[in-house]
Amino acid sequence: MTKDKSRNQPVIRRHHQGIGTAPPKVDDMKATLKRIWRYMYQEKKKFNVVLAMIVLSSGLSLLGPYLLGAAVDEIIEEPNTGTLWTMLSLLFGVYVFQSLFLWLQNYWMINISQNTIYKMRNHLFSHLQRLPILFFQKRQQGELMSRLTNDMENVSRTLNTAVIQFVTSILTITGTLLIMLWLSPLLTLFTVTIVPVMYFGMKWITKRTGKYFKEQQKHLGDVNGYVEEMFSGQTIISMFSREERVIKDFEAKNEALKNSGYWAQTYSGFIPKLMNMLNNVSFAIIVGAGGLLALNGSISIGVIVTFTTYSRQFTRPLNDLANQYNMILSAVAGAERVFQIIDENEEKQDEQLAEDIKEIKGDIEFRSVDFSYEKENLTLSNINFHASPGETVALVGPTGAGKTTIISLLSRFYEINKGSILIDGQEIHSMTRDSLRRQMGVVLQDSTMFHTTIRENLRYGRLDATDEEVEYAAKAAHAHEFITHLPDGYETVLDSDGGGVSHGQRQLLSIARAMLADPALLILDEATSSIDTVTEIKINDALSKLMKGRTSFVIAHRLNTIRAADLILVLQHGEIIEKGSHQELLQQEGFYSGLVRAQQAEGKASV
Ligand code: ADP
């Protein structure tokens, strides 16, 4: 059950938003939006408030320029300070209320989106806890992390801003267009001529930037991956004096990133400049055409003033909409990845009649068990053996023979295809998974420790253990001494990857944890890596104490352990090819005795 380190490489996905980036891939936009909506719908009342605020603020943003135009006309007709003050106060009121509504809608929207994300994140996390082990083995840890953090963040950011902007943009564009048409259809025509120019200009740039942004993403991924690899392999690099070579490789990757970044930024930097220029052109057209229309008396000067402001109000949301669309796509893609996990089947519920088992004696039997991970190939076939309470079973065989799988089946991480597994004569099928797993203690060679104090890590074995009990178990496992020599003693905080204590010490801790749990069944994965002799003696002594009176399954590598086992199962290609005690197997003169002889000839103590 050693962990495959390559599965733990974090994969950080980064999304660039905005114009110029390649749109993210979305499978079913409508369905996903509906699902997000279902989370948001629980905040329906607040959502209605936000919508009302959006309508009010958009309405006022339309009213502002109209009043400005009307003010200009009023003053031309009746040039006195009274009119000026009235119009100015009105305008002031409009802008103050508009800001107020904008602030309120923002406030409520953030409230909604944070609540929504909170619920989604909780849902995702609790679902992850209920997924079968196979699900995690099939995926990279980094990839899953990325969904919980990056993808969620992406959805959250979009909900915060894009929803409001999207609705506001649509309302503003429609409203502006309608009022402009009402004021002067002809001038409206002149104003909107700029839109197709903007559209095609933007498309031209987007096509170019898209390519470079994609390249930039790829090179960024390369650089990140390389740095990550270097961090984890720093010792090897130093040992083989590869620093120069590594620096050269990095420079090449960095150069590629620089080049793609340069072009991506240059092209996308054009966009605001182009927009600005086109806005100015549009301004000139309105003033020119409006001036002519005003001269022949078909519109007033005020209308020109109104139009110049409207023209900006009209083109900016168009630009925003393009931006938001990419942002929304990216969030939807993120949400889809989150929902994919939520849709994964949970570990099967316990059978209806499954019962909680309390104390077991530890009699284990496998009867004609067949099992396969994938449908076609049998990983284990016809596994038969029996272990009486308190016995030690050693599992021996080459890598991939199926040793770990047998243990996973006993813990019921997977369901068998055929046969039966019995504990104290009762099928494990009829026991609840929780109560079954509570009977087992696990000591792996790469034992997981959590990022908390040593005391809490040990207590993971039994949550209600008192401090005295924790220390008693640590003493029995020969861990107490080194713990008390640490500056913070039992309060020392461990890194989750086991940093802070040595490999051997970590094993002692996991033995102590198992002792505290006091299970009837024990699963041990013997260390293959060498540990200093003193620690090894301690580990062996602690283990033999731990194993006393418990049925133990050992994935064994050392001849000494195997020799002491009551039952040795020799596995090859998923089958038990020999079984018996050390003496019995030696007499059989088969695979096992050959293995032992070869080891002895080499003078090694491990198999
Ligand atoms: P051992 O512990 O003896 O090294 P395992 O029990 O880990 O062997 O593996 C037995 C076989 O099952 C191997 O061929 C391995 O590739 C395969 N296997 C192990 N875990 C999985 C898994 N999660 N999905 C598919 N195949 C697996």
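This briefing covers helix packing, salt bridges, a surface patch and some backbone details of the structure above.

The model is predicted, so local features need pLDDT of at least 70 and side-chain atom pairs count only at pLDDT 80 or more, while totals for chains, interfaces and linings use all residues. Residues are numbered from 1 along each chain as its sequence is written, and side-chain values use heavy atoms, with hydrogens and water left out. A search of the whole structure finds 21 salt bridges. Helix α10 (residues 301-342) packs with helix α7 (residues 194-232), and its axis also comes within 11 Å of that of helix α6 (residues 185-192). Helix α9 (residues 243-295) packs with α10 as well.

- Two packed helices are described by the angle between their axes and the distance between the axes.
- Helices (H or I, at least four residues) and strands (E, at least two) are DSSP runs, numbered from the N terminus.
- Axes are lines fitted to C-alpha atoms, for helices over the stretch in contact, and angles run from 0 to 180 degrees between N-to-C directions.
- Angles under 35 degrees count as roughly parallel, over 145 as roughly antiparallel, 65 to 115 as roughly perpendicular and the rest as oblique.
- α7 and α10 pack at about 25°, with axes 11 Å apart. The two helices are therefore roughly parallel.
- The axes of α6 and α10 cross at roughly 45°. This pair is therefore oblique.
- α9 and α10 pack at about 155°, with axes 10 Å apart. They are therefore roughly antiparallel.
- A crossing is left-handed if the near helix is turned anticlockwise from the far one by less than a right angle, and right-handed if clockwise.
- The α7 and α10 crossing is right-handed. α6 passes α10 in a right-handed crossing, and the crossing of α9 and α10 is right-handed.

**Salt bridges between separate parts of the chain**

- A salt bridge is a side-chain nitrogen of Lys or Arg within 4 Å of a carboxyl oxygen of Asp or Glu.
- Burial has cut-offs too: buried means under 20% relative accessible area, exposed over 50%, and partly exposed in between (1.4 Å probe, protein chains only).
- Lysine 119 pairs with glutamate 43 in a salt bridge, with the closest N and O atoms 3.0 Å apart. The pair links distant parts of the chain, 76 residues apart: lysine 119 is in helix α3, and glutamate 43 is in the loop between α1 (29-40) and α2 (44-77).
- Lysine 119 is partly exposed at 24% relative accessibility. Glutamate 43 is buried at 9%.
- Aspartate 370 and lysine 418 form another salt bridge, with the closest N and O atoms 3.7 Å apart. Aspartate 370 lies in strand β1 (residues 364-371) and lysine 418 in strand β4 (residues 418-423), so the bridge ties together parts 48 residues apart in sequence.
- Aspartate 370 is buried, at 12% relative accessibility.
- Arginine 550 bridges to aspartate 518, with the closest N and O atoms 2.7 Å apart. Arginine 550 lies in the loop between α17 (533-547) and β8 (551-555), and aspartate 518 in the loop between α16 (503-517) and β7 (521-525), so the pair ties together parts 32 residues apart in sequence.
- Arginine 550 is buried, with a relative accessible area of 11%. Aspartate 518 is exposed at 51%.
- Salt bridges that share partners join Arg455, Glu456, Arg459, Asp467, Glu471 and Glu491 into one network.

**Nonpolar surface patch**

- Phe92, Val96, Phe97 and Leu100 form a nonpolar patch on the surface, with about 400 Å² of accessible area together.
- Patches are made of residues with over 30% relative accessible area and no salt bridge: like charges are joined within 9 Å, nonpolar side chains (Val, Leu, Ile, Met, Phe, Trp, Tyr) within 5 Å.
- Accessible areas come from the Shrake-Rupley method with a 1.4 Å probe; for residues, only the protein chains shown count as cover.
- Valine 96 sits in helix α3 (residues 81-129). Its relative accessible area is 40%, so valine 96 is partly exposed.

- Aspartate 518 is not a glycine, yet its phi is positive, about 50°.
- Glutamate 589 also has a positive phi, near 55°. Glutamate 589 is in the loop between α19 (582-588) and α20 (591-602), and is exposed at 55% relative accessible area.
- Serine 408 is found in helix α11 (residues 403-410). Serine 408 is buried, with a relative accessible area of 7%.
- The C-alpha atoms of serine 408 and isoleucine 523 are separated by 10.0 Å, although the residues are 115 apart along the chain.
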